[in-house]
Amino acid sequence: MKNILFVASESVPFIKTGGLADVVGSLPKCCDKENYDVRVMIPKYLCIKEKWRNEMTYISHFYMDYLGESRYVGILQYVYDGITFYFIDNEAYFGGAKPYGDWFYDLEKFSFFCNAALSALPVIGFKPDLIHCHDWQTGLIPVYLKDRFHDGEFFRDIKSVMTIHNLKFQGVWDVKTIQRFSMLPDSYFTPDKLEAYKDGNMLKGGIVYADAVTTVSQTYAEEIKLPFYGEGLDGLMRARANDLRGIVNGIDYVDFNPETDAYLAAPYNAKNFRKEKVKNKKALQEQVGLPVDEKKFLVGIVSRLTDQKGLDLIQGVMDELCAEDMQLIVLGTGDEKYENMFRHYDWKYHDRVSAQIYYSDELSHKIYGGCDAFLMPSLFEPCGLSQLMALRYGTVPIVRETGGLKDTVQAYNEYEGTGTGFSFINYNAHEMLNTINYAKSVYYGKKREWNKIIDRAMAQDFSWNTSAGKYQELYDWLIG
Ligand code: GLC
């Protein structure tokens, strides 16, 4: 039996701000239980819903010296769907209204978390063969495993994997600050280690010191070796190219299943979607206040509303997008400028645009189930999960060819009768618009072809099966 510990800043079902939480919560379940004991550790945020917090069991606590004070570290546990989750408790650090807030404070918070997570392991008595770290919040762990937590029986042989879900966020501040929070000696703050462009960089530490580095699609693994996508670390990514793998994310095929989805007005499958799917469309139109019209081309967006997601392309052609023969529904929160842009168009074209500026799991499922197409024109996209959900629900993705979008959506080819969606290459608003219009023309003009795209989309398999196998191969290779 190999012991694997995931350490991350969020995980479903407990706390989620983005796709990271879906991956951390769903991948462990899909590893082979006969050979791998995969457990997960995250902070015990006060903003985790009370119903979860009340059901956690207390395991132990201890005090840890951190930044000149003795700090409380509580350890709680919750077994969910057969997976053991550990929660690191300290209300001073994890008491906020959201998991992240102030950049500066987050650096201290997650430095504390990395120290506490490793210190907690001997107390729990779970000795991992490998710690799988996710994103900058856990970047210090691979460093510590070669330094502060290297000596002694317990920690000596623990391997580490660093997975990059988004290279844009690195945990950066001046060297003095990062050094203070990380409590690492001077020798670590050089350009080949934790220093980057004169600043301290926590993710860089993880990438330099981890035994292997992964990211969440093959295309993104290639892209981040280039300056445009490399966020300043492309040189490092090239230097670690031999230890860098792209493994595409999966999604939970039980949670996301149009045939059993309790949120849908009319569950459906790959055989009966031609008759049933439209019932979900009408229910959705009615719920969000759009004219109920089963013929109208209905496009959905479920997204964090940030620059990464290509929303400035949408903004650039929004008037053209709001053509008479189209309806658009948007669900999500994020930058105020995008929230207000969608609110404005909801007001301006009330019968064509519906802006739902909040987040709801339930409505997201109804959008995957009820829309005809799903738009995701990202500037960059390490993997992207929504397009996988859209494919699963036979909602045709329209994407930009970058990162995981490129790896998971095959462009429709009308001559060969292939493809599972529509895509465009350049980050250009009119290229996007043309592609949407092309999709629309197939939808209105060649309904049989459109339905065959849906056939092919729903026949894809983006469950975790294949990708979990690839992570297991990587674990085996490292643990030996
Ligand atoms: C981040 C990325 C997204 C990816 C997710 C899970 O949210 O932006 O592309 O799918 O992490 O890996």
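Guide: Two strands are taken to pair if DSSP finds at least two bridges between them. The model discussed here is predicted.

Visitor: Over how many bridges do S14 and S15 pair?
Guide: Leu328 has its bridge partner in S15, namely Val353. S14, which spans residues 326-331, pairs with S15 in the parallel sense. The number of bridges is four.

Visitor: Which strands stand at the edges of the open sheet?
Guide: The open sheet has six strands with parallel pairing, in the order S15-S14-S13-S16-S17-S18. Each edge strand has a single partner strand, so one side of it is left without a neighbour in the sheet. The edge strands are S15 (353-356) and S18 (422-424).

Visitor: What angle does the direction of H15 make with that of S13?
Guide: H15 (residues 361-370) packs on the sheet and touches S13, S14, S15 and S16. Its direction and that of S13 make an angle of about 145°.

Visitor: Which helix supplies the largest share of the lining of the second largest pocket?
Guide: This pocket holds about 290 Å³ of space and is lined by 16 residues. H11 (273-288) and H19 (447-459) each supply at least two residues of the lining. The largest share is five residues, and it comes from H11.

Visitor: How many charged residues are in that lining?
Guide: Among the residues nearest the pocket centre are Arg274, Asp372 and Lys447. By class, the lining of the second largest pocket has six nonpolar and three polar residues, and the charged residues number seven.

Terms used: Residues numbered from 1 in each chain as written. Predicted model: local features only at pLDDT ≥ 70, side-chain atom pairs only at ≥ 80, totals over all residues. Heavy atoms only, no water. 1 Å grid on protein atoms, 1.4 Å probe; cavity = no way out; pocket = protein on both sides within 12 Å on 5 of 7 lines; lining within 4 Å. Points joined across faces, edges and corners; volume = space filled by probe spheres on them. Nonpolar A, V, L, I, M, F, W, Y, C, P; charged D, E, K, R; others polar. Contact = heavy atoms within 4.5 Å. Axes fitted to C-alpha atoms, helices over the stretch in contact; angles between N-to-C directions.
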